[in-house]
Amino acid sequence: MPFNKEKRVQPSPIADLPLVNALEEYRRRRPVRMHVPGHGGNLCPCPQFMDGLPGLDVTELEGLDDLHNPGGVIAAAQEKAAGLFGARHTFFLVNGTTVGIQALIAASCDQNRPLVLPRNAHRSVLGGLIISGARPVFLAPEVVPGFEFATGFRPEDLIDGLRQNPGAGAVLAVHPNYYGVTGDLGAAAAICHRYNVPLLVDEAHGTHLRLHPDLPADALSLGADAVVQSVHKTGGALTQASWLHLGKAERAERGHPSCGGMSIAERGHTSCGGMSPTYVDRERVAEVLRLLQTSSPSYLLMASLDAARGYLTCHGRETLDKLLGWVHEAVPIINKMPGLTTLGTEHLGSSGTAGHDPTRLVISVRQLGISGHTAARWLAHKYGIHLEMSDAFNIVAVLSLGTQKSDIIALLNGLAELSCQTEQGHSPRSPIPLPAGPPIPPQVLTPRQAWLAPRRIIPLERSTGRVSAESVAVYPPGITAIYPGEEITPAVVEYLQQVRECELHQQGAADPKLDTIQVVDA
Ligand SMILES: Cc1ncc(COP(=O)(O)O)c(C=O)c1O
């Protein structure tokens, strides 16, 4: 048979596809999606992109440019994204904000250089510390009373951190956190620049902030020097698609960071020369991204960034206008339901917190006498409402560009029944006392040194005085109890024992039951 006459045979369905089948089953149930990715599964940020996705899955063909050395269409798309966000330059990322954070740490800090950051920073930071060899200087975060999750650090603690660690390579802040809460980032930027240190910002949850004046200000507007955003979370792109923006601020002087970490006045001289005029060197970041990102970047992910940028430019403001209107109607209704309280700026009093993004709907269920996990499971099973996150006290819905009014109505109905049923079945629970977290332990090795050292697993009870080879973060409040390279103090052991007894969620430990811990085998 000639080639052009050959019939295309339709393949018969393949049964043995556990992952494909599970996804298909999720889609078939037509869930109410209040989780990331923020396109909600039904928004077409750009129809010419969303139709026939597999046909667009290609590689670096003629005319399609090269992510690692862009000079054509990828460069043009990045430039447009930089224009929308007021950035000096924007890099497209195909391994999420994770790779952007790691690249920024590696580009700003060499071996042993201090990196100042909050103790509740995302776990992607650990990879950046291991790659660079930087020495973390942790700032204690604030905790929001009643909701019990960790937020930002206090500006005065940042000043102390920079004073005590001259030569810091960078400060890393999170803005906003998973619960939509922001710290005083403007103050942090001013402090960093006074000390001639770049401010790097993990804005994984804040791509949409710049698009609406009623939302907290975005990090670049507040003076950040480099910002990474998970466009897949709240900007409408496909999962894993992020971008990294560089800010435009220039150093007051071009001193090398080895004499940084002190204000110009404290240092007593003005320059030791040789640095880029801006705080984060674009070529250095490009080099590290070439090192860390795949050599086969997905055109689907990159094109979804271009499509999301186009959608945000043309429709971002009006879509957020609508969404914020629905949120403002929904919040007082939820607050009238017995046992439920939504998080608002009135709950944020400390100097480490400044604002809240209302599209992150955080609802405390504590007074219903159930945990957030129970409430989230109940909403999923009974109402098909899938939330982004739950913890011991709260549930968290991501309301995004893809959210429909019908989704919010479904949530209100579900919450009303939850409130009513649970009220009848339980008496309000008095606040569960959380075990008090231990003081930040002494650092013996850098995370890189601890990572590279031989290790062994020992019972938690016998680990006092040893150097940890792993990190354990406890939720709530979401603060790391022990980091690789730190001494396991009696307070850490006691705290982790309490965490085990209370069955709090932990992240990072190889042994999820916390019976054992990995230590450096010295
Ligand atoms: C605060 C924060 N930073 C960074 C990340 C990593 O982002 P990505 O999943 O895009 O790699 C996350 C992911 O949930 C996050 O919550």
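Is N112 buried, partly exposed or exposed, and why? N112 is partly exposed, because 14 other C-beta atoms lie within 10 Å; a residue is buried if 20 or more other C-beta atoms, placed from the backbone, lie within 10 Å of its own, exposed if 12 or fewer, and partly exposed in between. The model is predicted: local features need pLDDT of at least 70, side-chain atom pairs count only at pLDDT 80 or more, and totals for chains, interfaces and linings use all residues. Residues are numbered from 1 along each chain as its sequence is written.

**Overall form**

- The protein has 15 helices and 20 strands; helices (H or I, at least four residues) and strands (E, at least two) are DSSP runs, numbered from the N terminus.
- A compact globule of 522 residues would have a radius of gyration near 24 Å, and the protein agrees with its 24 Å; the radius is taken over C-alpha atoms, and the globule rule is 2.2 Å times the number of residues to the power 0.38.
- The C-alpha trace spans about 75 × 65 × 50 Å along its principal axes.
- Of the 522 residues, 50% count as buried.
- Among contacts between residues at least 6 apart in sequence, 72% join residues at least 24 apart; a contact requires C-beta atoms, placed from the backbone, within 7 Å.

**Surroundings of the ligand**

- The residues around the ligand are G96, T97, T98, H122, S124, V174, Y178, D202, A204, S230 and S242, where a residue counts if its C-beta atom, placed from the backbone, lies within 6 Å of the molecule.
- Helix α4 (residues 96-108) gives the most to this shell, with three residues.
- By class, the shell has three nonpolar, seven polar and one charged residues; Ala, Val, Leu, Ile, Met, Phe, Trp, Tyr, Cys and Pro count as nonpolar, Asp, Glu, Lys and Arg as charged, and the others, Gly among them, as polar.

**The sheet of β17, β18 and β19**

- Three strands form an open antiparallel sheet in the order β18-β17-β19; two strands pair if DSSP finds at least two bridges between them.
- Strands β18 (479-482) and β19 (505-507) stand at the edges with a single partner strand each, so one side of each has no neighbour in the sheet.
- From one strand to the next, the twist averages 35 degrees; axes are lines fitted to C-alpha atoms, for helices over the stretch in contact, and angles run from 0 to 180 degrees between N-to-C directions.
- Strand β17 (residues 472-475) pairs with β18 over three bridges, and A473 stands opposite T480 in β18.
- Helix α15 (residues 490-502) packs on the sheet and touches β17, β18 and β19, its direction making about 125 degrees with that of β18.

**Covered and open elements**

- Four of the five residues of strand β2 (residues 89-93) are buried.
- Strand β2 runs antiparallel to β9 (residues 242-246), joined by five bridges, and H89 stands opposite L246 in β9.
- Helix α1 (residues 18-28) lies largely in the open, because the number buried among its eleven residues is zero.

**Backbone details**

- A cis peptide bond with omega about -10 degrees joins H175 and P176, and P176 lies in the loop between β5 (170-174) and β6 (181-182).
- N112, in the loop between α4 and β3 (114-118), has a positive phi near 75 degrees.
- Q240 has a positive phi near 95 degrees and is buried, because 20 other C-beta atoms lie within 10 Å.

Terms used: Two residues are in contact if their C-beta atoms, placed from the backbone, lie within 7 Å.
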